[in-house]
Amino acid sequence: MTVLSTTLRVASGVTLPGEGALEIAVDVLAPPNPKPEVLVCLPGGAMTRKYFDLRAPGDDSFSFARQMAARGYACVLIDHLGVGESTRPADGYALDAFLLAYANASATRQVLDKLGNGSAINGLKAIPHVRSVGIGHSMGAMLTIVQQAQNRQHAGIAVLGFSTRGLPEYLMGEAKELDPAAARREVARFARAMFRDPYPKIGRSSDGSQLYAGLHADPAGIQAIKSARELLLPVPAYMSMLPGNVAPEAASIDVPVFVGLGELDMAGPPEDAPKAFTKSPSVTLQVLPKAGHSHFLFPARTELYDGLAAWVAGLPQKDESPRKPRP
């Protein structure tokens, strides 16, 4: 099918000492006649926005954005500050989850405005009553939760490959012993101690290979994801590992939530993940059989696309303009 696309650079809305304008790179992909729900996609740690548009020769099945376009939905793919083609400040440790969420909310608002008035993509008409749905993978899911808690911007959020359980097995010393609230206050210090570089490169490991890819992953997908690999943002990455990382924010979410996890994922027991969203009117859990952490590489990806499309189609209809991000 025809997919219209463009790349935009928009203001992040944040400033940092010693830095000039901080901009965010965004890809917009849309079918010719999209539905009003726009999927705002945030990648996980060590990934760019290209994670949501993985391309293999002659095979678009790994591309979340193109598969969702085939189901009628426009997608907005965002590079976090410090990642991909967005501005990379000198001090990567300054990029915490709350600053990134504010910047992503600002980018979301600007792109939705363009989609709403028809100025986003040449040839794409204005989308009446446009509204956003947050889609985040791994660390990007954590940032989606924070963005929604700060701004109540989305009609619903989908968190993929993430839970507020964190990854306690990767923590050591003081970070493992402190209560969640105290550990959160010290996350920048812990991140500096674990990651000595403000933009570290993450190597491969045998257990990581199994979680991200593994025996059931498609070789073409494994090859495609290489184009999306990136340096890591240490502070939000470390925060995502803390037990109870964004539990207070998750508990404040008052819109429908979709939780997508692979059977071989790293987020703990799948049935526990929905429990964090105590205020949500409905939480939908989908577990993808024989899938690891990078869901789009596995045969069950089609089940995920269909499940997400059906969930978005069932979101309550509300005509609310997106809220301006709060500082």
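These exercises with worked solutions look at a helix, a pair of helices and a loop residue.

The model is predicted, so local features need pLDDT of at least 70 and side-chain atom pairs count only at pLDDT 80 or more, while totals for chains, interfaces and linings use all residues. Residues are numbered from 1 along each chain as its sequence is written, and side-chain values use heavy atoms, with hydrogens and water left out.

**Exercise 1.** Work out which residues of α11 are buried and which exposed residues the face turned away from them carries.

*Solution.* Begin with the helix, a DSSP run of H or I with at least four residues, numbered from the N terminus: α11 covers residues 301-313. Next, take buried as under 20% relative accessible area and exposed as over 50%, with partly exposed in between (1.4 Å probe, protein chains only). R301, L304, Y305, L308, A309, W311 and V312 are then buried. Seen down the axis of α11, these buried residues fall within an arc of 165°, given by the directions from the helix axis to the C-beta atoms, so they line one face of the helix. Finally, the face turned away from the buried side carries the exposed residues A310 and A313.

**Exercise 2.** Find which residues of α6 meet α9.

*Solution.* With contact meaning heavy atoms within 4.5 Å, V187, A188, F190, A191 and M194 in α6 meet P234, V235, Y238, M239 and M241 in α9.

**Exercise 3.** Decide whether T48 is buried or exposed, and locate it.

*Solution.* T48 lies in the loop between β3 and α1, where strands such as β3 are DSSP runs of E with at least two residues. T48 counts as buried because its relative accessibility is 7%.

Key
Expected span 1.5 Å × (residues − 1).
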